[in-house]
Amino acid sequence: MGSITLNAVEKWYGDVQVIKGVDLQIDNGEFIIFVGPSGCGKSTLLRMIGGLEETSRGAILIDGNDVTAQPPSKRGLSMVFQSYALYPHMSVGENMGFSLKTAGAPKSEIDEKVNAAAKVLKLEPFLERRPKDLSGGQRQRVAIGRSIVRDPTAFLFDEPLSNLDAALRVEMRYEIAKLHQTLKATMIYVTHDQVEAMTLADRIVVLDGGKIAQVGSPRELYERPANLFVAQFIGSPKMNVLPCQIQGNEFHLEGGRNGPFDKQGVATQVGIRPEHIKIVDPGQGQCDGVIDVNEYLGADTYLIVDCGPLGQITIREFGDVPVAPGTQIGLEFDPALLSFFNSEGLAL
């Protein structure tokens, strides 16, 4: 089992509160990812779960047992850090089995568990090598293997891929996804990279200023953000957010035209993802604008459009879009994919 419950947990450093009453239920076998801007408290919250940071208030339960006051060694968790922290004088196999050796496990058990972990992580050809003879991705797999052999209740990952180059990150994302499918273990993963969050997580926890802004699947957060912060944090390019006024069952954009409004409440802003905007002739759609920049990225093209009083709006098109900067266009929003927010930034 590997269920983890956070009940109103807080973290204070003197008079400064950095974790502000977090409630969260993590089910056995879930892959949970903490994301948020720098300083939002995601690594601190992970370290509190692992016992590396003291919990000031609230309770942390693992499989129903209160572990709030217990040291890391009693929690049955295993952490993988940004730094590999491998012993340079030991072989890969010795590094992976070191925790079992210090615990007094028999050599036959150590060899069995190391070989099993090496098979899962495709490290079998490297067991006799030293860390200096490995690539960055291989070293990170060794660090993960060192955690696997302990058969922990849950795995805690603190930005494990941030030291790798772009190509290795893609490779290691795949390796970690396959590892979760194979082990079916509970995993909590901290990252500032939303691509990692969107591709790996069963559920994403978006943190903002020490509080949870929203919890949900990647699809839920992308398609139904609960507030403006999540709407503009999740997604690249970020959601276009425009000021609007409500007139009956329509919204109106300054300098633009009306569109359908079917929500309850009063909206002050409307959001639309860049890929949900269609290029039409000037005078059609919700507003007009002049193309400032055409960013061709191969599979996609981003058009940054100056829409006067509405500011800049980003459009995402598939493939190449042969329109030159200075071209005037109309922008048509998909009415089924609009998000509306009130004056407090909450989604309607």
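Colleague: Over how many bridges do β14 and β20 pair in the antiparallel sense?
Modeller: This is a predicted model. Strand β14 covers residues 269-272. The antiparallel pairing of β14 and β20 runs over 3 bridges.

Colleague: What is the strand order in the open sheet with mixed pairing?
Modeller: The sheet has 6 strands. β6 (77-80) and β10 (211-216) have a single partner strand each, so they stand at the edges. Neighbouring strands are turned by 20° against each other on average, direction ignored. The order is β6-β7-β8-β3-β9-β10.

Colleague: How many bridges join β7 to β8?
Modeller: The two strands run parallel, and β8 spans residues 186-190. Ala-154 stands opposite Thr-186 in β8. The number of bridges joining β7 to β8 is 5.

Colleague: What angle does the direction of α1 make with that of β7?
Modeller: α1 packs on the sheet. It touches β3 (31-35), β6, β7, β8 and β9 (203-208). The direction of α1 makes an angle with that of β7 of about 150°.

Colleague: Why is helix α1 largely enclosed by the rest of the structure?
Modeller: The helix covers residues 42-50. Its buried residues include Leu-45, Leu-46, Met-48 and Ile-49. Gly-51 follows α1, with a positive phi near 90°. The helix is largely enclosed because the buried share of its residues is 7 of the 9.

Colleague: Which strands of the sheet does α4 touch?
Modeller: α4 packs on the sheet as well. Its direction makes about 175° with that of β6. The strands touched by α4 are β6 and β7.

Colleague: What is the handedness of the crossing where α2 passes α4?
Modeller: Helix α2 (residues 92-102) packs against α4 at about 35°, with axes 7 Å apart. Val-92, Asn-95, Met-96 and Ser-99 of α2 meet Val-142, Gly-145 and Arg-146 of α4. By class, the contact has 3 nonpolar, 3 polar and 1 charged residues. The crossing is right-handed.

Colleague: Is Lys-122 buried or exposed?
Modeller: Most residues other than glycine have a negative phi. Lys-122 has a positive phi of about 60°. It sits in the loop between α3 (107-120) and α4 (136-148). Its relative accessibility is 52%, so Lys-122 counts as exposed.

Colleague: How far apart in space are Glu-109 and Ser-43, C-alpha to C-alpha?
Modeller: Glu-109 belongs to helix α3. At 28% relative accessibility, it counts as partly exposed. Glu-109 and Ser-43 are 66 residues apart in sequence. In space, their C-alpha atoms are separated by 33 Å.

Key: Residues numbered from 1 in each chain as written. Predicted model: local features only at pLDDT ≥ 70, side-chain atom pairs only at ≥ 80, totals over all residues. Heavy atoms only, no water. Buried < 20%, exposed > 50% of the residue type's maximum accessible area, 1.4 Å probe, protein only. Helix = DSSP H or I, 4+ residues; strand = E, 2+ residues; numbered from the N terminus. Axes fitted to C-alpha atoms, helices over the stretch in contact; angles between N-to-C directions. Left-handed = near helix turned anticlockwise from the far one by under 90°. Contact = heavy atoms within 4.5 Å. Nonpolar A, V, L, I, M, F, W, Y, C, P; charged D, E, K, R; others polar. Pairing = 2+ DSSP bridges.
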